[in-house]
Amino acid sequence: MKKKVTNNVYWVGKSDWELRQFHGYEYSTGKGSTYNSYLITEEKNVLIDTVFKPFSGQFIENLSQEIELSKIDYIVCNHAEPDHSGALPDLMELIPETPIYCTKNCIKSLQGHYHKNWNFKIVQTGDRLSLGNGRELVFIQAPMLHWPDSMFCYLTTDNILFSNDAFGQHYCAEPLFNDMVDQHELYAEAIKYYANILAPFSKLVTKKIEEILSLNLLVDLICPSHGIIWRDDPLQIVRKYAEWADHYRQNQVTVIYDTMYNGTRSMAESIADGLIQADKEMTVKLYNAAKNDKNDIITEIFKSKAILIGCPTVNNGIMFSIAGLLEMLKGLKFQGKKAAAFGCYGWHDSSTKILGDLLKESGFEIVSEPLSTIWEPDGKLLARCVEYGKRFVAELN
Ligand code: FEO
């Protein structure tokens with residue numbers, strides 16, 4: 001079903017309310033997601049992006065009810081990941097000569113995925129495509145936001161920025177506009193998306209935002225490729241991205257741990273008591289990494305100015321949930337955050353050293369010596385944990 005965005009611009013994508021995992025099992029999508037494809041019907045008809053492959057048939061059937069496919073003059077592929085290009089192979093079987101406007105890197109990706117030599121038209125920043133009725137599409141390359149091929153395009157007169165993955169959210173909602181959905185849900189999904197997908201490219205986000213703002217473009221709508229369309233004060237999400245890209249941190253400390261016999265859990269809770277006693281204004285959150293969603297924990301770490309991470313020693317190493325989380329943190333390259341490690345052991349104290357090394361490798365500044373204990377922590381040791389939490393807060397100032 002198509003949905004009107006404005007004037008002759010329509011949403012023709014797919015809303016997937018059922019989706020619970022994305023990028024394989026790398027990203028949890030508790031509120032589903034959408035694959036936003038847009039159809040512009042001016043003197044020239046343009047399709048911007050498509051949908052994920054499993055919905056290709058449904059997409060093409062719906063699209064063909066809105067427009068005779070042979071009347072699509074141009075296809076724009078802003079990004080070749082299969083969640084946006086997945087319907088291209090089936091569509092191009094039906095309209096094989098239709099030109100596909102995309103970046104040079106996008107051609108490489110599309111050919112890598114589909115091994116087809118379609119009618120590609122390479123575009124660069126500043127290139128324009130006339131659609132008639134006084135409208136043009138202006139292309140803006142956005143490399144590494146979040147892939148080398150990523151691109152935005154801007155529709156003049158209607159003043160729409162089609163931003164592909166940037167400014168998106170894995171959030172299925174109706175109606176499809178920011179001013180008509182639950183704001184708390186929307187921003188919870190937007191920051192989760194930034195923390196888990198865009199954060200490694202924060203420096204480039206800052207540069208791209210400066211570049212776009214310097215163009216002084218009127219922006220009435222931002223149409224990303226996932227989630228809602230930004231219609232009310234659309235630049236609010238651009239301002240948020242500028243904030244998130246700049247060493248973002250709230251007055252929050254997050255304690256993350258895994259535990260076998262609750263020893264490390266007791267340490268975590270006592271350290272948290274110390275944090276709370278030392279700064280009553282500060283948000284303190286505790287997560288058992290084995291029991292909580294990894295992407296939600298990553299989001300909480302992104303919001304934090306510091307983290308404490310705890311794990312007992314197991315088989316000379318650390319536990320699976322913590323190891324996985326630290327591997328994710330290494331790739332995400334969060335900036336300007338402090339950390340310390342803690343944990344218990346039975347016969348050999350390995351975990352806190354491993355945790356400290358991995359935290360450093362992930363770009364965290366270690367501000368306290370690790371705290372470890374043999375066997376189950378007793379009252380005396382737990383009192384030390386409380387003091388450790390207090391001292392940790394002092395190190396943050
Ligand atoms: Fe939504 Fe990078 O794909």
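In which helix is I301 found? I301 lies in helix α9, which spans residues 294–303. The model described here is predicted.

**I301 and its surroundings**

The relative accessible area of I301 is 0%, so this residue counts as buried, the cut-off being under 20%. Leaving aside residues up to four places away in sequence, I301 touches I256, I307, L325, L329, F334, K337 and F364. Q252 is 49 residues away from I301 along the chain, and the C-alpha atoms of the two are separated by 8.8 Å.

F334 belongs to an aromatic cluster, and K337 lies over the face of F302.

**Domains**

The protein is divided into domain 1, residues 3–244, and domain 2, residues 253–396. The centres of domain 1 and domain 2, taken over C-alpha atoms, are separated by 39 Å. Across the boundary, 13 residues of domain 1 are in contact with 12 residues of domain 2.

An open sheet is formed by 7 strands, in the order β1-β2-β7-β8-β9-β10-β11, with mixed pairing. At its edges are β1 (3–6) and β11 (120–122), each of which pairs on one side only. On average, and with direction ignored, neighbouring strands of this sheet are turned by 25 degrees against each other.

Within the sheet, β9 (residues 74–76) and β10 (residues 100–102) are joined in the parallel sense over 2 bridges. V76 stands opposite Y101 in β10. Helix α4 (residues 104–114) packs on the sheet, where it touches β10 and β11, and its direction makes about 150 degrees with that of β11.

**S56 in helix α1**

S56 is found in helix α1, residues 56–66. Its relative accessibility is 2%, and S56 therefore counts as buried. Not counting residues up to four places away in sequence, S56 touches V51, G86, A87 and D90.

**Strand β14 and its two partners**

β14 has pairing partners in β13 and β15. Strand β13 (residues 135–141) runs antiparallel to β14 and is joined to it by 5 bridges. In this pairing F139 stands opposite C153. Strand β15 (residues 160–164) also pairs with β14 in the antiparallel sense, over 3 bridges. Here L155 has I160 of β15 as its bridge partner. The hairpin of β14 and β15 has 4 residues between the strands, and in this hairpin T157 takes a positive phi near 70 degrees.

**Helix α5**

How many of the 16 residues of helix α5 are buried? The number is 12, so the helix, residues 183–198, is largely enclosed by the rest of the structure. The buried residues include L186, Y187, E189, K192, Y194, N196 and L198. Together, the buried residues of α5 pack against β5 (27–28), α6 (202–214), α7 (235–244), α9 and α10 (320–332). Helix α9 in this list is the helix that holds I301.

**Aromatic rings and charges**

The structure holds 16 aromatic pairs. One of them is formed by Y114 and W118; this pair is tilted, with 6.0 Å centre to centre and 35 degrees between the planes. Both of its members are buried: Y114 has a relative accessible area of 14%, and W118 has one of 11%.

One aromatic cluster is made up of F152, F167, Y194, Y241, W244, Y248, F302 and F334.

Two lysines lie over the faces of aromatic rings, as listed below.

| Lysine | Ring | Distance from the ring centre |
|---|---|---|
| K2 | Y10 | 4.1 Å |
| K337 | F302 | 5.5 Å |

The ring under K337, that of F302, is part of the aromatic cluster.

Technical notes: Residues are numbered from 1 along each chain as its sequence is written. This is a predicted model: local features need pLDDT of at least 70, side-chain atom pairs count only at pLDDT 80 or more; totals for chains, interfaces and linings use all residues. Side-chain values use heavy atoms; hydrogens and water are left out. Buried means under 20% relative accessible area, exposed over 50%, partly exposed in between (1.4 Å probe, protein chains only). Contact means heavy atoms within 4.5 Å. Two strands pair if DSSP finds at least two bridges between them. Axes are lines fitted to C-alpha atoms, for helices over the stretch in contact, and angles run from 0 to 180 degrees between N-to-C directions. Rings of Phe, Tyr and Trp (its six-membered ring) pair if their centres lie within 6.5 Å; planes under 30 degrees apart count as stacked, over 60 as edge-to-face and the rest as tilted. A charge sits over a ring if NZ of Lys or CZ of Arg is within 6 Å of the ring centre and within 35 degrees of the ring normal. Domain bounds come from an automatic or database domain assignment.
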